[in-house]
Amino acid sequence: MSDKMVPLPIDRQYPEKVKINLTTKEVISEMAPGTYMNYWTFNGTVPGPFLRVREGDTVELTLTNDPTSVHNHNIDLHAVNGPG
C-alpha cells in the first residue's frame with residue numbers, strides 16, 4: 001500500500017462523528033496471460049482504503065454497491081483494530 005493512501009495520524013484529543021463512504025464495484029481483470037478474474041474493489045482500490053478513526057469516535061459507514069456489479073457485497077468489521 002502506498003504511503004499516499006495512509007491517512008495522517010489523528011492529533012485531536014476528543015471524539016467526533018466520522019462519516020465514511022465506500023463503494024464496492026466488481027472489476028474483471030487479466031491476472032495472468034489469458035487468465036481473467038472477477039474481483040471487487042472498495043472505492044476503486046484493492047485492498048480498500050485505510051480507514052482511520054480515534055478511539056471513542058462514532059463511525060457512520062455507508063456502503064454502496066455500484067449498479068454495474070453483478071453481485072451485492074457487504075463488509076465484515078470483525079477486525080477493526082490496527083496500528084496508529
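Predicted model: local features only at pLDDT ≥ 70, side-chain atom pairs only at ≥ 80, totals over all residues.

Strand β1, residues 17-32, pairs with β3 in the parallel sense over eight bridges. By pairing I mean that DSSP finds at least two bridges between two strands; strands are DSSP runs of E with at least two residues, numbered from the N terminus. Within this pairing, Asn 21 stands opposite Thr 62 of β3.

Residues are numbered from 1 along each chain as its sequence is written, and side-chain values use heavy atoms, with hydrogens and water left out.

The partner of β1 in the antiparallel sense is strand β2, residues 35-42, again over eight bridges. Here Glu 30 has Tyr 36 in β2 as its bridge partner. β1 and β2 form a hairpin with two residues between them. In that turn, Gly 34 has a positive phi of about 80 degrees.

I turn to the salt bridges. How many does a search of the whole structure find? There are three, each defined as a side-chain nitrogen of Lys or Arg within 4 Å of a carboxyl oxygen of Asp or Glu.

Arg 12 meets Glu 16 at 3.5 Å, N to O. Arg 12 also forms a salt bridge with Asp 57, where the closest N and O atoms are 2.6 Å apart. Because Arg 12 lies in the segment before β1 and Asp 57 in the loop between β2 and β3, this pair ties together parts that are 45 residues apart in sequence.

Glu 16, at 35%, counts as partly exposed.

The side chains of Glu 60 and Lys 17 also meet in a salt bridge, at 2.9 Å, N to O. Glu 60 lies in strand β3 and Lys 17 in strand β1, so this pair ties together parts 43 residues apart in sequence.

Finally, strand β3, residues 58-65, holds Val 59, which is partly exposed at 41%.

How values were computed: Helix = DSSP H or I, 4+ residues; strand = E, 2+ residues; numbered from the N terminus. Buried < 20%, exposed > 50% of the residue type's maximum accessible area, 1.4 Å probe, protein only.
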